[in-house]
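Trainee: Could you walk me through this model, a bit at a time? I'd like to learn how to read the packing.

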Amino acid sequence: AGAAAGHGGERPPAAPTLEEFGRRFTAWTFGPLPQLLELRAPGGRNAATLIGYPALVDRGDAVELQVLDDAEAAAAANRTGIRRLFALALREPLRQFERSIPDSQRLSLLYMPFGTAEQLRRELVDAVLQRACLAAPLPADAEAFGERVAQARPRLTLIGQEIARTLMAILTEHSAVQRKLPAARGFPAAAADIEQQLAGLLPPRFVSETDPVHFGHLPRYLKAISLRLDKLRTEPTRDAQKMAELAPLVQNLRRRTAALKGRHDPQLAEFRWLLEELRVSLFAQELRTPVPVSTRRLQKVWESIRQ
């Protein structure tokens, strides 16, 4: 059912008609989007019935109604497609936000290790839409979509400015870490561990893809790395001991994540952030953590995930 297909029926408020699948839309002018469709293959009365998963697929300047044959792929595509519809519906307030980004020139300079000023702009817009419009459950019909647009419109600039301020703190701490990292090359194991940690904390689309709660903690995690680098010069043995304590938990997470081959596991995601808190506790205890963490506690958490 991966090709454009559909479910015959009435015009809205019924589900989208057969003719609407495969078409592009710039507004929600089609019927409610069901979670799945039953598709009858050609062949008359004895034809097989297939299950398809409707999705709005992002096409840049529009979305396209499609039916996919994998539920997880359809959900991911649909989320991106609905975000595009929100971007089209909220074009003017988003432009207003882009004109009011605080200290945008400095922000762009600090963002250079991750991308261009244009890529930063797109990331910020996507992050604003994620927070303002894409809370679960996603809208599944024109009425719910319109209500979400109306709720988001007056909040976009304030939400965007808060994201930009947090991003400034993140990038400032990241810049400090980058200045200190060369001095850690004499401790290759620690330097490699820190670089792997940084890659996990700040992947290419970290601005839009890090959930809001953990996005707010990124400055503290980066500050903890900076403090670790300060201590590494005078206490390399202590750093090695802490890293050895942490290593089995990190390896467990990496093995399980690799085995999932890109599939999302909420328990693993939560464990991954608990590991960041453990790093703060081990290497920069003065920063404190919002929840109690220790190697023993996280080992128990891991055992509960394995069951």
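Trainee: How do the axes of helix α1 (residues 71-89) and α4 cross, and how are the two helices oriented to each other?
Mentor: This is a predicted model, with residues numbered from 1 along each chain as its sequence is written. Local features need pLDDT of at least 70 and side-chain atom pairs 80 or more, totals for chains, interfaces and linings use all residues, and side-chain values use heavy atoms, with hydrogens and water left out. The two axes come within 10 Å and cross at roughly 95°. Angles under 35 degrees count as roughly parallel, over 145 as roughly antiparallel, 65 to 115 as roughly perpendicular and the rest as oblique, so α1 is roughly perpendicular to α4.

Trainee: Which residues of α1 and α4 meet there?
Mentor: Helices here are DSSP runs (H or I, at least four residues; strands are E, at least two), numbered from the N terminus. Axes are lines fitted to C-alpha atoms, for helices over the stretch in contact, with angles from 0 to 180 degrees between N-to-C directions. Contact means heavy atoms within 4.5 Å. On the α4 side you have Asp126, Leu129, Gln130 and Cys133, and on the α1 side Arg79, Arg83, Phe86 and Ala87.

Trainee: Are Trp28 and Phe30 buried or exposed?
Mentor: Go by relative accessible area: under 20% is buried, over 50% exposed, and partly exposed in between (1.4 Å probe, protein chains only). For the protein, 43% of the 307 residues count as buried. Trp28 and Phe30 are both buried.

Trainee: What kind of pair do Phe271 and Trp302 make, and how many residues apart are the parts it ties together?
Mentor: Their ring centres are 5.1 Å apart and the planes sit at 50°, so the pair is tilted. Both Phe271 and Trp302 are buried. Phe271 is in helix α11 (residues 266-283) and Trp302 in helix α12 (residues 295-306), so the pair ties together parts that lie 31 residues apart in sequence.

Trainee: What handedness does the crossing of α10 and α12 have?
Mentor: The axes of α10 and α12 come within 10 Å and cross at roughly 25°, so these helices are roughly parallel to each other. Residues making the contact include Leu249 and Leu253 of α10, along with Leu298 and Trp302 of α12. A crossing is left-handed if the near helix is turned anticlockwise from the far one by less than a right angle, and right-handed if clockwise. This one is left-handed.

Trainee: How are α7 (residues 188-201) and α11 oriented to each other?
Mentor: Asp193, Gln197, Gly200 and Leu201 in α7 meet Arg272, Trp273, Glu276 and Arg279 in α11. The axes are 12 Å apart and the helices pack at an angle of about 135°. So α7 and α11 are oblique.

Trainee: Which ring does the charged end of Arg272 sit over?
Mentor: A charge sits over a ring if NZ of Lys or CZ of Arg is within 6 Å of the ring centre and within 35 degrees of the ring normal. Arg228 does this with Phe283, 3.8 Å from the ring centre. For Arg272, the distance is 4.1 Å and the ring belongs to Trp273.

Trainee: Where is Pro137 found?
Mentor: Start with the backbone: a cis peptide bond joins Ala136 and Pro137, with omega about -5°. Pro137 is found in the loop between α4 (117-133) and α5 (142-152).

Trainee: What relative accessible area does Lys261 have?
Mentor: Lys261 lies in the loop between α10 (236-260) and α11. Its phi is near 50°, a positive value in a residue other than glycine. Lys261 is exposed, with a relative accessible area of 73%.

Definitions and conventions
Phe/Tyr/Trp six-rings, centres within 6.5 Å; stacked < 30°, edge-to-face > 60°.
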